[in-house]
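Dear colleague,

I am passing on to you the structure we talked about, with the sequence and the coordinates shown just below.

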Amino acid sequence: MVDGISFIAVSLGAAFLLGMLRDSWRFAAYGVSLATLAFLTWNAFCWTKGFAVDGLVPIEIFTAGTPPPFAVNLRLGLTESALLLLVHITALLSAIYLRDTLMQQGRRAMSVLLVLCMALSGIILTRDLFNLFVFVELTVIASGGLILLSQDKRALGAGFKYLIVSQVMSILLLIGIFFAYQATGTINIDGMAEQSALLFKGGFLAFFLMFMAVVLELKPFPANGWALDVYESAHPAFSAIISAAVGAASLIALDKLLLIAGPDWLMLTSIIGLITFIAANLFGLAQENDRRLLGYSSVGQIGLVMLVLGQKDILGDNYLFVVGGILLAHAVAKAGLFWISGLVQGRELKDWAALRQRPLLLFAFASFIALLMGLPPFPGFYAKWELVHALAAADRLWLLGLMLFASLLEAGYLFRWFGYVIKRDLPEQPLACPWHKRTVVMLALVAAWALAYIWGELSPHSNLLHLLPLLFALAFLVLEPLPAWLKNLLAIGGMVVWFLLSYPGYDPLQLIYGGIILIGGSIIFLASFYGSAQRRLGFYPSAMLMYAGLSLLIVAEDSFNFFAAWELLTVGSYFLILRGKESEPHALSYILFSLGGAFLILAGFALAGLGAGQIPLARLADLSGQTSGELAGWVFLLLAIGFLTKTAAVGLHIWLPGAHAEAETDVSPMVSGILLKAGLFGLTMLLMTMGKQQLYGVELTHVMLWIGAISALVGNLLAVFQEDAKRLLAYSSIGQMGYAVFGLAMMNHLGWMMALMFVINHYIYKSMLFLSVGGVAKRTGTRLMYQMGGLITLMPLSFIAVLIGIIAVSGVPPLSGFGGRWIFYNAIMSDEYRLPLVIIFLAGPIAFLYLFRLIHTIFLGQLKDEHRKLKEAPFWIVLPQMIFVAFLMIFALVPGLALRHVDVYIGQFFAGGPSLNWEGLTITSQFGQWAPIPIMIIIGVIFMTLFLWLLFVNRRAQKVKQFNIVFAAERPYRPETTHFAWNFFAPYRKALGFLTQPLVTRFWETLTDLLHQLADLLRRFYTGNGQTYAVHLLLFVVAVYLLQKGMM
Amino acid sequence: MDFDWMKIPYSLLTLFIVVNYGMILNAFIQKIGARVGRRHGIPIWQNYADLIKNYSIRSSITHGVMFYLGPVFRLSGGVGLLLFVPTIYGSYMFSNMSFAGDLILALYFVFFGTLGMALGAAESGHPHAAIGITRGLSQVTAAELPFALAVFAVALQYQTLSVTDIVAAQQGSFLNWTLFTNPLAVTAAMLSFLGSMMRPPFDVVLAPQEIPIGPPTEYHSSYLALMQTNRAIFPIAKIVIYMNLFFGGAASWPVFFLKVFCIYMISVLVGVVFPRFRVEQSIRWFLIWAVPVGILAVVLV
């Protein structure tokens, strides 16, 4: 490595050298520029490695050979070297990316770029205020020059506004430095920090001006209209530099100033950052132009970093880890996205659908979005985890809440954008994809994953990229070129092997969930063999990501791993759901509800941490003992709502019907039969550790009972009125999950048994029904039940699956659904709350309505003319159904096989309560008994006897044609008018339809509409007029002044 | 497992008695209804004659497998329901197959026949059948609710789900009957009972005027014979549950005959006086008048 001064000297020298070259030697000029940047990048890399790995101590560089205050000194430590690396690598890659532009513009442009790097290096390295001013000025001039490089005509205006604003900042800075020097007698930053008491005695205004100048450079809301215009109109490669490199340099400048300021100014910084973060993300919601959206996102992310800078006092040792995680994630992602935006021809978000032509670019896009959002395994995830825990420990809950809210807004537009990319029509203009630009994007992608690994290593918790299931899921990205059947086989094999490996370590409860997830999941994968002639790009990585998350979730022992697994399964399932043909809005609603829920869980864990970075889940149990007041209640509430989002409890359920119904045939059973269990597992874990909790005297499990009961009613009732078969099943899931939540919330032994019974049953029959209905829909080309009818003879196996399924769901003996009902009655016998039961009782028989409708309108009644030649559903879709039929039968006969051990296991949590006795073939409770096998035999014997009798007396029966039915004086001839199917329960709608008003949907729609309208209204605030911007700036300065005066 | 094979002939004996009693009772009740309407009514052996006629009809058609199985489901439901509940209290001979399960089994098994029959009728492709089924299902969701609440109240009251134990708790004096110890539950249950007996004002399911006889429209000959047998068994099987839960059960056959008749007559008395409800009207009626009583019963028990 070469001396630190080289960062300034070499680029300056190279810039001069360029000036001496002949104008026509463009290749040489370009070569010099690249070589300079490459050399400096390498140098920065060596320094960073030296500080990080080899343990070098930070060095001071005395420019004039004397220590300060007599000469300017520079400091090079880990932070500085990492930022230098960031600046130079961004510049280098942008320079490669800008090859054509630079060659065309000639050596002047190249030297401006080098000067910019030099100026940024100066800002990063210097410890002298006046020196800082000089480098800021240089940055401004160089940036202004580069903005003008753009082809966009608006760039001229934007550049001009930028220069004006920058001059205001420079003036503020200069005046501030002047007064500060007056007050302290030094312009050395460290010197001034030592004398900060002196400075603030009379020099408040002096510091305020310097502070404002640097803050304005960070584009805070509302004084950032100019910046957005710049982002929108500048060349994307340059926007990448502004966003990543200039942003990072300005942040370190602010950090240096805060060193002088002391703790009083920290909160102010955080508030400015927070407001910017919220406002930028809010405005982003209403944005359709890609570069402007990226601008908003940049502004927002830098606001977030400012927020973190202001929390220096509570972050302690984690400060660099958190700031670095968020800042680097932002820089890499934003640079990557800006570079991609240069490849996309159209400027609207939906034009990015062109990325679908290049799977690698698409993957890069997805990674950058995840990087921005702080999803695992990226650095933002680790950083946000620490940040949230620190905020919770310091009791800065308002900050925490608002930050998470703004993150959710950000997720809103980022995932919407992702949805556009995956689902919208391909634009007419293809991607402009020269190899050098693609390489640059790919390098950013590599950097993103490298950062993910590094942050995982640095994290005090575990490195997610060391988790085998996650690696297995990611491996499918590499395996994408393989044929689908092979990938399917690998997926099934992997899951079975993982189950066999983990099996010995599971407790009985985990065994039930693990069995459903891994073995159950591989059975559903059998259905994926159908249509495996196509490659199904993206399917396997997403599905395996979900399964990885699920299988990690059930074995997680501490809050960090639990939450990471939760996020992984959420993201994986989102990608899966998004694959459906019409699922774009539904997948968005799913991910937003899920992330909202996840943030609540995060906040809950952070509160429960009591200052610790993570807690073993078992420690949740001690929470009520350790803390006074309502803390335990709040933790319970946050976690419970988070988990209830996943089980689609009423109020939070609106994502489910669309997401499950619009998903692909083999995805619906995965996300319904398996994914919903994650929420139940979370609730089980929560109730098992925390037990009953109160909040302001309200028993929270009691509230949960009501939620479960109402979910059961609403889900069932809405299912009755669906015309779409998959939607019907989806609503029915809401009802079924309601039962399970109800069972858990009863907080007694049998209630939990019932919930587990529902977990198993729901997995089997809902997976089976989704597959049957999916198979039928594949053949008929519709999911609307009234368009079908009479398919029983054409699709007998699907019919049998549905028949067995509905008998099981309805709880009619002798199938396993009855077991759930029997345990339910035994459980409620010892329950203390009776009113919610009324609702559950009401919900019960309603299930018959939709179940009958499902089987009747599809398989019975009149066959339609266009369906007369249909075949049975494809083999691979029928096969798992038949396995499920066998499962249901076995589970109906010997429920003890699965439940005995869990019964004993649960027993330890409810000592002394009523339990079950599994002796022999009869299961007894203290109230009654249930003998599955005798029931099956008795019913079987009666049925067979009567059947044989009928066969005997009716042996001459003739099969008649479809329309041979008894009608008064007319003969029907059209199936459409004879098949009674549409609006099947019209009288029921008359009686109880008022209960199905979409109040919840309306609530959430109004809320999102309001946010969008607010965003649309407020963004008009940026008029594009330089004078308005000047007023914003002035107002901002005054407002901050008053705020700080008020706070001090 | 040690199964007492003698239970099979004993159960068949119960079945035999109940079928015959049901045949005669149905005709008798129909006669009462006719007399109220100033008509003469059918002879008391009419049901036997119908049964023989149906078995001997020569033309017989089928619409498919489910259609064929519908009556089998229906009758299995009736027979099973009867056999899963002890008929005569204290008698081993007439305790039937009640070892297999408790009250909950009986409650849910009620739907076995209904559902199977609905599936069979639906395969006939006749719209009247489907319309009748939607009406029946819609009505049953509201009608069953007070009964479920009453059953829960009774189970809570006696702290058991075993039918035999519930009957045992009511022995001694007629004042020990649930009718007197828990009148609210019995009121709710009896209101619900009206809804399940296919008599006015809740007989829109069969609706002989607009959708001639509803779900069974397409059934004839031996199918109808099976269903007719079920019509003799099923109401009695259901009444046996009511009798056991609320009216002290029956310790001997004469008491059984009397109690079943009296309970049946409740629905007849209401039925001959009131006109028919539409489906949504009956749903509202149950929710407004019967369910609150049931809720009170559950809360106050």
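How many residues does the contact take from chain B, and how many from chain A? The contact takes 66 residues from chain B and 62 residues from chain A. On the side of chain B that touches chain A, at least two residues each are supplied by β1 (61-62), α3 (65-83), α4 (103-123), α5 (127-158), α9 (221-246) and α11 (279-300) of chain B. The largest share comes from α5(B), with 16 residues. Sorted by class, this side of chain B has 41 nonpolar, 17 polar and eight charged residues.

Please bear in mind that this is a predicted model. The predictor gives the complex an ipTM of 0.96 and a pTM of 0.94, and for chain B the mean pLDDT is 92, with 98% of the residues reaching 70 or more.

**Chain B as a whole**

Chain B has 11 helices and one strand, and from the N terminus on its elements run α-α-β-α-α-α-α-α-α-α-α-α. Its C-alpha atoms fill a box of roughly 55 × 50 × 40 Å along the principal axes. The radius of gyration of chain B is 19 Å, which agrees with the value near 19 Å that a compact globule of 301 residues would have. Of these 301 residues, 59% count as buried, and among the contacts in chain B between residues at least 6 apart in sequence, 81% join residues at least 24 apart.

**Where the two chains meet**

Tyr55(B), in helix α2 (residues 46-56) of chain B, is another residue to look at here. Leaving aside its neighbours within four places in sequence, Tyr55(B) is in contact with Val953(A), and also with Ser222(B) and Ala225(B). Tyr55(B) is partly exposed, because 15 other C-beta atoms lie within 10 Å, whereas a buried residue needs 20 or more. The C-alpha atoms of Tyr55(B) and Gly90(B) are separated by 37 Å, although these residues are 35 places apart along the chain.

**A helix of chain A and the loop after it**

Helix α17 (residues 359-373) of chain A has 15 residues and reaches 21 Å from its first C-alpha to its last, close to the 21 Å expected at 1.5 Å a residue. Is α17(A) largely enclosed by the rest of the structure or largely open? It is largely enclosed, because 12 of the 15 residues of α17(A) are buried. Among these buried residues are Leu361(A), Phe365(A), Phe368(A), Leu372(A) and Met373(A). What covers the buried residues of α17(A) includes α14 (290-310), α16 (319-343), α18 (379-393), α19 (397-423) and α20 (435-458) of chain A.

α17(A) is followed by Gly374(A), whose phi is positive, near 70°. In the loop between α17 and α18 of chain A lies Pro377(A), and the peptide bond from Pro376(A) to Pro377(A) is cis, with omega near 5°.

**Backbone points worth a look**

Most residues other than glycine have a negative phi, and most peptide bonds are trans. Against that background, the peptide bond from Pro813(A) to Pro814(A) is also cis, with omega near 10°; Pro814(A) is found in the loop between α34 (796-810) and α35 (817-829) of chain A.

Asp395(A) is found in the loop between α18 and α19 of chain A, while the place of Asn96(B) is in the loop between α3 and α4 of chain B. Which of them is buried and which is exposed? Asp395(A) counts as exposed, because it has 11 C-beta neighbours inside 10 Å, whereas Asn96(B) is buried, with 22 other C-beta atoms within 10 Å.

With best regards

Key
Residues numbered from 1 in each chain as written. Chains lettered and ligands numbered in written order. Predicted model: local features only at pLDDT ≥ 70, side-chain atom pairs only at ≥ 80, totals over all residues. Helix = DSSP H or I, 4+ residues; strand = E, 2+ residues; numbered from the N terminus. Rg over C-alpha atoms; globule rule 2.2 N^0.38 Å. Contact = placed C-beta atoms within 7 Å. pLDDT = per-residue confidence, 0-100. Nonpolar A, V, L, I, M, F, W, Y, C, P; charged D, E, K, R; others polar. Expected span 1.5 Å × (residues − 1).
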